Amino acid sequence: MTSWIQTAKDSDFSIFNIPFGIAQLKNSLKYFVATRIGDYVINLSEINRLGYLSHFNISQPVFDARFLNDFIALGKPVTSQVRNELINIFSDSNGNLAQNTLHQSLVMLAHHEVNMLMPVKVGNYTDFYSSIQHATNVGSMFRDPKNALLPNYRHIPIGYHGRASSITVSGTNFHRPKGQTKPADVETPVFGPCKQLDFELEMAFITGKATNLGETITTDKAGEFIFGMVLFNDWSARDIQTWEYVPLGPFLSKSFCSTISPWVVTLEALEPFRVAGEKQTPPVLPYLEFQGNLNIDIQLSVSILAEGSDQEKQVSNSNYKYMYWNMNQQLAHHSVNGCNIEIGDMYASGTISGNDPSAYGSMLEITWRGTKPIAMPDGSERKFIHDKDTVIMRAFAQTNSIRVGFGEARAKVLPAL
Ligand code: CA
């Protein structure tokens with residue numbers, strides 16, 4: 001299958017993808033639900049207004065909304081059919097829109113004509129800790145290399161409730177956080193700008209179906225509740241974290257900013273890339289057992305771009321398939337106590353690290369707590385992230401002929417206020 005819109009072989013946005021997002025025209029500030037094919041952003045508000053989706057009877061305001069939540073709330077049986085219809089409209093075999101240049105001029109926008117906005121209104125944000133190599137690395141560094149994993153790790157998908165208000169879309173720059181730290185060489189804590197600012201390479205899923213208080217979701221039904229995924233940079237202030245995290249876990253060291261990619265890639269688009277995860281030993285409790293291949297082969301990278309340089313330094317090359325706990329288990333666990341799930345909630349994976357040091361997903365691990373600095377193309381070195389550095393995460397899945405990508409999650413660190 002190919003599209004009548006020319007798409008480069010290495011484009012994240014092939015006809016097999018059809019992600020959803022919210023775009024805003026740079027010249028008029030009007031926003032709308034959109035998808036993307038190749039270098040074109042497709043205005044779904046216009047597509048619907050022109051009647052291409054008329055048989056779905058979706059009200060126009062759903063496509064003119066500031067967030068995708070109302071669209072997602074239509075339910076997967078509808079949204080996946082809309083996505084299939086969009087694939088049909090833009091595939092080579094369909095001449096309808098392909099031969100209507102007037103309609104094309106209304107619905108197709110060059111990607112540089114729009115800004116991408118935060119795609120969903122996130123009510124609740126949860127951060128898991130589901131990469132066993134990351135948990136092992138952190139445990140080795142801060143506790144004991146011989147007993148790096150805590151006794152609960154292989155039994156329970158560890159997570160905590162994070163801060164939803166500071167999740168931002170790619171391109172949103174932020175100021176270095178300030179806070180309380182206690183350097184090893186002083187008796188009492190000090191206050192000031194974070195000195196160990198770090199990224200965390202994560203993916204996040206977004207729920208598209210709600211539950212009532214008291215209801216639970218089984219691992220075999222979890223897929224029905226997951227609308228799609230984004231790239232997620234869970235920015236972290238390591239020096240603040242080290243001092244504050246005992247005994248309740250991270251707080252201000254994580255809540256100052258997180259960066260996501262703007263296009264929500266549907267679970268349907270990711271199905272061709274399913275793979276088996278690591279065998280879980282010891283066996284998990286029955287409510288966490290699952291059938292089939294539930295990990296996903298998504299290639300991930302992180303690069304740092306220093307101010308004034310035009311050469312990125314790639315510092316990590318990881319993969320979403322390294323997750324010890326899969327999304328279905330995370331959602332089954334999240335709801336097993338009866339906690340209700342809402343449309344637009346976001347669930348991050350936890351830092352994704354592979355076994356090889358080139359696949360570590362944070363500077364904490366890559367530089368091993370600052371003991372192994374990395375050399376930048378401009379001759380400077382990095383233990384953690386400097387002011388005016390831009391961190392760029394990228395993700396894509398690929399088989400022989402199909403490529404489905406996420407684009408970028410990019411943000412620049414501005415000096416502390
Ligand atoms: Ca995290």
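What follows is a short exchange about a predicted model.

Biologist: What should I know about the numbering and the model before we start?
Modeller: Residues are numbered from 1 along each chain as its sequence is written. In this predicted model, local features need pLDDT of at least 70, side-chain atom pairs count only at pLDDT 80 or more, and totals for chains, interfaces and linings use all residues, while side-chain values use heavy atoms, leaving out hydrogens and water.

Biologist: Into which domains is the chain divided?
Modeller: The bounds come from an automatic or database domain assignment. The chain is divided into domain 1 (21-117) and domain 2 (125-414).

Biologist: What separates the centres of domain 1 and domain 2?
Modeller: The centres are taken over C-alpha atoms. The contact (heavy atoms within 4.5 Å) takes 16 residues from domain 1 and 17 residues from domain 2. The separation of the two centres is 30 Å.

Biologist: What is the area buried between domain 1 and domain 2?
Modeller: Buried area is the accessible area (1.4 Å probe) that two parts lose on being put together, summed over both. Carbon and sulfur atoms give 69% of it here. In domain 1, Ile 72, Lys 76 and Arg 83 lose the most area to domain 2, together 46% of what that side buries. The area buried between the domains is about 1300 Å².

Biologist: How many salt bridges are there between domain 1 and domain 2?
Modeller: A salt bridge needs a side-chain nitrogen of Lys or Arg within 4 Å of a carboxyl oxygen of Asp or Glu. Between these domains the count is zero.

Biologist: Which helix gives the most to the side of domain 1 that touches domain 2?
Modeller: Helices (H or I, at least four residues) and strands (E, at least two) are DSSP runs, numbered from the N terminus. Strand 2, helix 3 (69-72), helix 4 (76-90) and strand 5 each give two or more residues to that side. With four residues, the top contributor is helix 4.

Biologist: In strand 21, which residue is the bridge partner of Ser 303?
Modeller: Strand 21 (313-319) is an edge strand of the open sheet 9-26-25-20-21, where pairing is mixed. Six bridges join strand 20 (residues 299-305) to strand 21, and the two run antiparallel. The partner of Ser 303 is Gln 314.

Conventions:
Two strands pair if DSSP finds at least two bridges between them.
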